[in-house]
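Thanks, everyone, for making the time this morning.

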Amino acid sequence: MSKHDVTMTINGRRHSGSVEARISLADFLRDEAGYTGVHLGCEHGVCGACTVIVDGNAVRSCLMLAVQAEGSGVKTAEGLAAPDGALHPVQQAMLDEHALQCGFCTPGVVMTLAALTGDEKKPTEEQLLAAMSGHLCRCTGYQGIRRAVRRLAGAEAGGNS
Amino acid sequence: MTAHEIKAGRHIGRRLQRKEDPRLLSGRGQFVDDISLPGMLHVAFARSPIARGNILSIRTDVAREVDGVHAILTQQDLARFKVDMINFYLLPPELPITPLAGGRVCYVGEPVALVIADSRHIAEDAASLIEIEYAEEDPVVSIADARHGPLVHAESESNIVQQMGEEEVSEELDALLKGAAHLVTQKVVHQRISQSPMETRGVVAVRDGTEELTLYITCQSPHMVARWTSLALGLPQTAIRVIAKDVGGGFGLKNHPWKEEVAVILAALSFGRPLKWIEDRYENLIAANQAREQEMVLQIAFDGDGKMLASHGDYSCNNGACPQVADCNIAVHMFLWAAYKMPVYGFLTRGWYSNTVGLAAYRGPWAMESLIRETALDKAARQIGIDPLEIRRRNLVTLRDQPTASCMNIPIEDITAAECLEKLVAYFDIPAFRKEQEAARKEGRYLGLGIATYVEPTGSAGSIATMTGELAQVRIEPTGMVTATMSTHSQGHGTATTMAQCIADRLGVAYEEVTVYEGDSSRGGFSPGAAGSRQGVIAGGAAIRAAEMLADKVKVLAAHLLQINKELIFIEEGMVHVTGASDKSRTLRSIAEVAYGEPSRLPPGFEPGLEAQFRYQPPPLTLTSGANACVVEVSGETGFVKIRRWISAEDCGTQINPAVVEGQVAGGLAQAIGTVLLEEMCFDARGNPTAATYKDYLLPSISDVPVFEFVHADTPSQTIGGMRGVGEGGAIIGPPTLVNAISDALSIFGEVPVELPLTPAKLLGIIEGRDIAGHAHAEPDSKPAVGEPLVEASAVETLAETPPEVPALIDGDWKMVLSTPMGPQEMKGHFESEGQSLSGYLSSPEGEQGFTGTVEGNRVTFDLKVVKPLKITLKYDLTVEGDKLTGKVKMGIFGSAKLMGERVREAVEA
């Protein structure tokens with residue numbers, strides 16, 4: 001199968017590669033660029049685990065081809081924390097609120113919330129919850145994710161009730 | 001009294017942040033698909049598109065031509081490996097199972113050929129080019145098919161995989177049921193469930209020379225996988241190292257390798273390059289072992305006051321073609337009435353073969369007992385005309401009733417289901433809800449309240465070979481930091497956090513200073529990991545005791561160095577202090593440096609270093625209790641169920657970390673919501689799975705799961721630390737709580753048949769009194785009346801035809817397997833006959849016991865009295881046919897169990 005050259009900026013670093021047209025962005029990020037924090041849970045766009053940020057938008061990297069990301073800026077969970085290691089507000093909220101267990105769906109959840117709350121955006125709790133309906137978590141029953149969402153929407157996280 | 005005791009609870013019981021989380025939140029987890037090794041090749045499978053038939057031919061020549069394909073293997077290529085696909089109990093399957101299909105396929109998705117290629121993409125391309133010709137046969141799909149259809153496996157005598165209990169209800173029980181003031185019959189049809197961990201199965205297998213094998217595999221315990229692989233693949237001389245640092249959920253699916261993983265391991269052994277197979281979601285949904293698919297009928301007799309008199313249960317479960325554990329689920333009957341005053345219970349329980357993918361565990365495998373009991377009690381309350389709360393109050397075992405024993409002889413000493421129920425009632429205003437419900441009905445809105453209570457067996461150890469104690473190895477490093485290697489394993493359980501809390505608490509150091517290592521079979525010691533809600537209970541106890549032993553060692557050394565009474569020394573925040581002499585305080589590091597580096601300063605007989613290890617053997621079983629309530633609104637227009645509130649009152653004893661406890665409960669409850677409302681693994685009449693994506697198999701999303709409210713009851717258990725297991729409870733108590741709420745909401749329309757899932761179409765059908773769901777799946781067999789013998793499939797009637805003159809030829813040694821409530825038990829038997837009298841002994845790892853009995857023709861009978869785990873007389877009734885021994889063992893209240901045996905020849909072959 002013929003190959004195509006692609007270049008993109010991943011977590012602030014330029015990355016070039018040569019891929020078959022059928023290679024998904026997820027496979028490119030994982031296998032070519034080494035960002036294994038991109039997790040593949042279903043490969044048909046339902047579970048949301050593979051979500052990354054492409055040019056500011058949350059994208060399911062299993063449904064986008066690597067060649068479609070040519071020239072784009074891509075961010076994965078590995079690139080979210082500050083250079084000094086300080087966690088991103090989304091990561092901190094999820095840590096504080098026990099929003100994960102096995103951690104497999106987590107990078108996707110983090111990236112969607114980061115995309116929606118970035119650039120000084122002020123989404124409502126309802127908007128964030130609606131976005132979270134596109135992420136499947138089999139472990140937590142979404143309790144901690146709800147609390148993190150409430151905190152990110154600017155309200156007080158409400159404990160158990 | 002001592003400083004140590006006063007300071008206890010510094011870290012246990014706190015909602016500390018999890019140690020695992022910063023890494024996982026930053027994409028730095030290490031899951032199996034993240035492993036990439038030099039020279040590694042990729043595997044894909046060609047799978048059967050039919051449920052049943054013979055393989056006529058396999059053509060691989062076209063597939064082999066694909067660039068990048070290295071090899072294509074079939075079962076013929078793997079046959080030189082002698083693989084025994086043992087179960088979780090490490091015992092052989094009822095019928096031989098091969099990694100790849102050998103000559104015949106018995107479910108859709110069964111792996112037939114394995115492709116090794118440069119990439120997964122190429123491997124899949126080639127797999128699609130393998131041409132396999134089949135002679136397709138009509139499959140046996142449902143339990144109803146299995147009862148009357150052809151044999152799934154020609155080698156078996158019927159489609160029953162395993163059976164226990166009595167086929168006929170005893171006259172005494174029958175009289176109690178029929179003569180009671182009220183007889184309530186409840187039937188539950190439970191759909192098939194896909195465990196659906198977000199990380200699918202996967203393995204990277206590396207042969208390191210001839211003596212070493214390294215497996216990276218997503219699993220529930222690396223130790224269990226290492227043990228299983230050594231035994232199943234017959235590799236006693238091979239150093240097997242299993243690594244699973246992070247695992248994306250298990251839920252019972254990943255107890256040990258199965259067909260695909262074994263095929264990849266064998267391929268790696270023969271091909272000599274590291275091989276990776278990562279299951280995709282399509283494969284996971286159609287070909288990974290599944291769970292549930294059960295039918296049960298429960299009868300309960302009540303007196304005029306609503307007190308229970310007697311009960312009978314008839315249970316069936318679809319085991320598929322190649323179950324991981326052949327199972328008739330005796331635990332359903334063991335725990336059905338454990339929390340209730342039930343005088344008499346009888347049962348029949350069976351597992352059935354079918355041409356579907358095999359059965360595996362799923363969170364609370366015996367959960368049917370709570371689902372059918374609690375929904376039956378609500379039905380009884382409606383039928384008798386008393387409140388659902390009241391019917392439970394009249395029948396639950398309270399603390400005042402204990403100690404006692406259940407009708408199945410389980411010791412009941414410290415359960416609090418009744419007390420949890422009262423806590424729930426105190427928290428939730430039921431009369432206010434009833435008023436709201438009444439008002440809503442007038443507006444055409446259907447609100448319902450569901451209540452359920454239960455107990456759950458947790459922390460089991462000692463009755464099953466693989467259910468062992470847990471090991472903690474704790475050390476203070478020469479740097480003063482504390483590290484521990486544990487036998488635990490986390491698939492999201494947070495054991496690196498909770499074990500560190502236990503150790504920090506009892507050692508007297510900061511939580512941040514403790515690091516827990518697990519996830520590698522070369523560290524720690526054996527345990528089955530996450531199986532049966534056990535790690536917090538048992539490993540928590542091990543960590544506590546090991547930390548206490550280590551603290552004592554520090555005190556001995558410090559007392560010697562300071563020339564001070566040991567009792568005056570205490571450890572806090574990593575410092576060693578002397579009561580009343582603050583100038584004598586020292587860092588742990590300074591003590592550790594002496595312990596490791598200056599042997600001349602150690603007290604006589606003091607083992608250098610600061611290390612302690614403890615393997616904790618807890619009581620055989622620890623019971624967790626709980627009561628849940630939920631409120632739903634069912635839409636009269638759409639049949640859609642909205643869960644408005646959900647309250648969990650759970651007594652899991654000491655909570656190491658309440659956030660982890662609540663996370664476990666909430667996760668189980670969310671899965672329960674999926675079970676009741678959404679999830680369904682269906683098959684068409686040809687045995688094709690009809691849910692192959694997450695668009696068809698619906699997992700609960702955030703909009704389906706409410707905020708859970710927790711009412712904790714912390715009654716310490718009898719274990720070190722007082723913990724009780726909490727991993728499975730939500731998935732057990734959730735389904736009946738939600739079903740009861742829906743049934744309550746729709747009670748004005750009559751009884752809601754409990755056929756899961758309760759989809760909007762089914763519920764709208766009940767509201768509108770018409771069939772909207774369109775009978776999506778086949779009607780299960782109707783339950784025969786109590787006492788009516790069942791007509792079973794095929795060839796059971798081959799016994800007793802041998803003329804009586806033929807000597808039994810029982811004499812000699814036999815290897816036998818008995819299917820007991822604790823799982824299959826292997827034993828050896830020695831028999832000697834003289835005329836009609838028989839003598840001999842049975843031996844098992846538990847010991848040896850003699851017996852005498854009789855021989856009549858080829859039938860031998862004898863009794864054996866056992867006291868462990870329970871006092872019962874086992875009545876053996878066996879038939880000898882050549883070198884085979886078959887028959888039944890009557891086991892008192894446990895009914896009968898099947899026994900199979902083979903003559904032990906004094907052969908040299910291993």
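This is a predicted model: local features need pLDDT of at least 70, side-chain atom pairs count only at pLDDT 80 or more; totals for chains, interfaces and linings use all residues.

Let me begin with chain A, which, read along its sequence, follows the pattern β-β-α-β-β-β-α-α-α-α.

How does the radius of gyration of chain A agree with that of a compact globule? A compact globule of 161 residues would have a value near 15 Å, and because chain A comes out at 16 Å, the two agree. Along the principal axes, the C-alpha atoms of chain A fill a box of roughly 55 × 30 × 25 Å. Of the 161 residues in this chain, 57% count as buried, and if we take the contacts in chain A with a separation of 6 or more, residues 24 or more positions apart account for 60% of them.

Now to the contact between the chains, to which chain A gives 44 residues and chain B gives 44 residues. On the side of chain A that touches chain B, helix H2 (89-96), helix H3 (106-117), helix H4 (125-132) and helix H5 (143-152) each supply at least two residues, and the largest share, four residues, comes from H2(A). Sorted by class, that side of chain A has 23 nonpolar, 16 polar and five charged residues.

Turning to chain B, in what order do the seven strands of its open sheet run? The order is E3-E5-E1-E12-E9-E10-E11, with mixed pairing, and the edges are strand E3 (69-74) and strand E11 (239-243) of chain B, each of which pairs on one side only. From one strand to the next, the twist averages 20 degrees.

Within that sheet, strand E1 (residues 41-47) and strand E5 (residues 111-117) of chain B pair in the antiparallel sense over six bridges, and B:Val43 stands opposite B:Ile116 in E5(B). Helix H5 (residues 120-127) of chain B packs on the sheet, where this helix touches E1, E3 and E5 of chain B and has a direction at about 25 degrees to that of E1(B).

Finally, helix H9 (residues 259-271) of chain B lies across E1, E3, E5, strand E9 (202-208), strand E10 (212-217) and strand E12 (275-278) of chain B, and H9 runs at about 25 degrees to E9(B). I will stop there and take your questions.

Notes:
Residues are numbered from 1 along each chain as its sequence is written. Chains are lettered from A and ligands numbered from 1 in the order in which they are written. Two strands pair if DSSP finds at least two bridges between them. Axes are lines fitted to C-alpha atoms, for helices over the stretch in contact, and angles run from 0 to 180 degrees between N-to-C directions. Two residues are in contact if their C-beta atoms, placed from the backbone, lie within 7 Å. The radius of gyration is taken over C-alpha atoms; the globule rule is 2.2 Å times the number of residues to the power 0.38. A residue is buried if 20 or more other C-beta atoms lie within 10 Å of its own, exposed if 12 or fewer, and partly exposed in between; C-beta atoms are placed from the backbone. Ala, Val, Leu, Ile, Met, Phe, Trp, Tyr, Cys and Pro count as nonpolar, Asp, Glu, Lys and Arg as charged, and the others, Gly among them, as polar.
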